[in-house]
Amino acid sequence: MSSMRAISQTRLGGPEVLHEVTLPKPQPGPTEVLVRVHAAGVNPVDAKTRQAPNLLGEPPFVLGWDVSGVVEEVGYGVTVHRPGDEVFGMPLFPRQAGAYAEYVVAPSRHFARKPSTLDHPHAAALPLVGLTAWQSLVETADLRAGQRVLVHAAAGGVGHVAVQIAKARGAHVIGTASAGKHDFVRSLGVDEVVDYTAVDFADAVRDVDVAFDTVGGDIAARSVPTVKDGGIVVTILGGGYGQLVEAAGTRVRTAVVLCEPDRHGLLALAELAENGVLRPELDSVLPLAEAAKAHELIDSGHTKGKIVLTVV
Ligand SMILES: NC(=O)c1ccc[n+]([C@@H]2O[C@H](COP(=O)([O-])OP(=O)(O)OC[C@H]3O[C@@H](n4cnc5c(N)ncnc54)[C@H](OP(=O)(O)O)[C@@H]3O)[C@@H](O)[C@H]2O)c1
């Protein structure tokens, strides 16, 4: 077979611009692998890229960065994977990976072995949010056992994985969520839940070592008073960063993180999943052909855990 099914778009816009196309099946070059996609995770960045010329510019392009699948071919020089290996990853981000398709080609080290404890849909839900949380909490904030961390949107894609990573590191976790999601976030291990719709988290939370903003707007800046002297606010939304830096002054450290493909991070996530302490929650699983429906759900901003497209 030299062609494949994919979801593409010819103009920027709402979910309705997404439609099925037939494209040439890609071929792996040196150091690359061809992966048969079994499932593709859907993220808010997909929806942002669908509607504005930010990461990928003007269409046509194929969205999607989260992949779980099976290696079909390896290019010259690849030693870490073989045909038949089950792998997961977030290849090429923030450049085009084209995960909403039957096949992707990407550098071999942008993938790692899929954890045996996760099926393809669960494994496809993990890379982008997992790498974001790992690179933010572990590598940037250096979160340690016994420390206190505030996770905003603890029920969201990034948040619910961040909570599990923080608990696995032995931290005390405070999470924000609306009341209907409190049982869910407690089931993930959150020690204290703040209903952000009923109380101002900035009044309710004090003395955290790390505040993790996954919401945006002024949330990062308003998190500064919740943080101890010398603590850190990490945000994954750059829009409010100037405001954050101003609010933090010299008392609190700040960082903005844009997730990067990283085999070490994938291996760390896979180990947590294998040990049974990290498992993404699936809000909805839809077939590839229903990508537009998946985007309507992600556009709502109120999903619980992750949305995944199944390709096989
Ligand atoms: N920089 C990076 O590398 C990077 C990586 C990943 C994601 N991001 C960005 O980070 C954001 C979050 O991503 P995601 O995948 O976690 O999104 P998501 O799964 O769509 O987040 C949805 C969750 O956000 C919660 N929420 C919404 N407003 C809230 C508020 N004011 N306070 C607390 N919770 C709130 C909702 O809970 P309720 O229903 O209870 O409101 C819902 O559970 C997106 O904008 C995404 O583009 C950036």
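## A walk around the ligand

Start by selecting the ligand and everything around it: 25 residues surround it, and the closest are K48, G157, S178, K181 and Y196 (a residue counts if one of its heavy atoms lies within 4 Å). What you're looking at is a predicted model, where local features need pLDDT of at least 70, side-chain atom pairs count only at pLDDT 80 or more, and totals for chains, interfaces and linings use all residues. Residues are numbered from 1 along each chain as its sequence is written, and side-chain values use heavy atoms, with hydrogens and water left out.

Next, click on S178. An N or O atom in its side chain is 2.4 Å from an oxygen atom of the ligand. Now try K48: a polar side-chain atom there lies 2.7 Å from a ligand oxygen. Then pick T303, where a backbone N or O atom lies 2.8 Å from an oxygen atom of the ligand. How much of the ligand's own 930 Å² of accessible area does the protein cover? The protein covers 87% of it (areas come from the Shrake-Rupley method with a 1.4 Å probe).

Now colour the helices (DSSP runs of H or I, at least four residues, numbered from the N terminus). α1 (44-51), α3 (127-140) and α4 (157-168) each give two or more residues to the shell, and α1 provides the largest share, 3 residues.

Last stop: colour the domains, whose bounds come from an automatic or database assignment. Why does the ligand lie between domain 1 (3-126 + 280-310) and domain 2 (129-256)? Because both domains give residues to the shell around the ligand.

Key: A polar contact is a pair of N or O atoms within 3.5 Å; within protein, one must be able to donate a hydrogen and the other to accept it, and residues adjacent in sequence count only if both atoms are side-chain atoms.
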